[in-house]
Amino acid sequence: GGDCDYHDDGYVVVEMDIEFNLSIGPALEDGIGHWRYFVVILDPDGQRIAKEVFTIDLAFEQASFQTGLVEQITQRIVYSPWADATGYRILVGFQLTREELDYLRSRKQ
């Protein structure tokens, strides 16, 4: 969920609630799960104009293997005042390490 607040002098403030359902596996050692996610802003041509990486460090109870949380973030998108800001897009995804990416790619084959 979220909300956009347009300003006539060329920017939009976007407030977003990003919901995560997170699980842990056998690799968890210290009872704290660590995830990184990104927020990317694309202009109307699909070009990346901004990217920010965020970190989630979440402690898990001994008997719990899954939990959910909502991250609240605010992004400021600058655009030309005469442009149509509705063409801008915001993408959210997990920021993978090279090892995680290689592992996932190997499973597709």
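These legends walk you through several views of a predicted model of one protein chain.

Figure 1. Start by getting your bearings: the chain has 1 helix and 6 strands. Read from the N terminus, the order of elements is β-β-β-β-β-β-α. The C-alpha trace spans about 55 × 35 × 15 Å along its principal axes. Its radius of gyration is 17 Å, whereas a compact globule of 109 residues would have one near 13 Å. Of the 109 residues, 28% count as buried. Among contacts between residues at least 6 apart in sequence, 63% join residues at least 24 apart.

**Figure 2. Phe20 and Phe94, a tilted pair of rings.** A search of the whole structure turns up 3 aromatic pairs, and here is one of them. The ring centres of Phe20 and Phe94 are 5.7 Å apart and the planes meet at 55°, so this pair is tilted. Phe20 belongs to strand β2 (residues 11-23) and Phe94 to strand β6 (residues 89-94), so the pair ties together parts that are 74 residues apart in sequence. Are these two residues buried or exposed? Phe20 counts as buried, at 6% relative accessibility, while Phe94 is partly exposed, with a relative accessible area of 41%.

**Figure 3. Tyr37 and Phe54, a stacked pair of rings.** Now look at Tyr37 and Phe54, whose ring centres are 5.2 Å apart with planes at 20°, so they count as stacked. Tyr37 sits in strand β3 (residues 32-42) and Phe54 in strand β4 (residues 48-59), and the pair links parts of the chain 17 residues apart. Both Tyr37 and Phe54 are buried.

**Figure 4. Charged side chains over aromatic rings.** Which residue has its charged end over the ring of Phe38? That residue is Lys51, and its charged end lies 5.1 Å from the ring centre. In the other example, Arg76 lies over the face of Tyr11, 3.8 Å from the centre of that ring.

**Figure 5. Ala59 and its contacts.** Our last stop is Ala59, which is found in strand β4. With a relative accessible area of 58%, Ala59 is exposed. Which residues does Ala59 contact, leaving aside its neighbours within four places in sequence? They are Gly31 and Ile32. Ala59 and Ile32 are 27 residues apart in sequence, yet their C-alpha atoms are 4.2 Å apart in space.

Terms used
Residues are numbered from 1 along each chain as its sequence is written. This is a predicted model: local features need pLDDT of at least 70, side-chain atom pairs count only at pLDDT 80 or more; totals for chains, interfaces and linings use all residues. Side-chain values use heavy atoms; hydrogens and water are left out. Rings of Phe, Tyr and Trp (its six-membered ring) pair if their centres lie within 6.5 Å; planes under 30 degrees apart count as stacked, over 60 as edge-to-face and the rest as tilted. Helices (H or I, at least four residues) and strands (E, at least two) are DSSP runs, numbered from the N terminus. Buried means under 20% relative accessible area, exposed over 50%, partly exposed in between (1.4 Å probe, protein chains only). A charge sits over a ring if NZ of Lys or CZ of Arg is within 6 Å of the ring centre and within 35 degrees of the ring normal. Contact means heavy atoms within 4.5 Å. The radius of gyration is taken over C-alpha atoms; the globule rule is 2.2 Å times the number of residues to the power 0.38.
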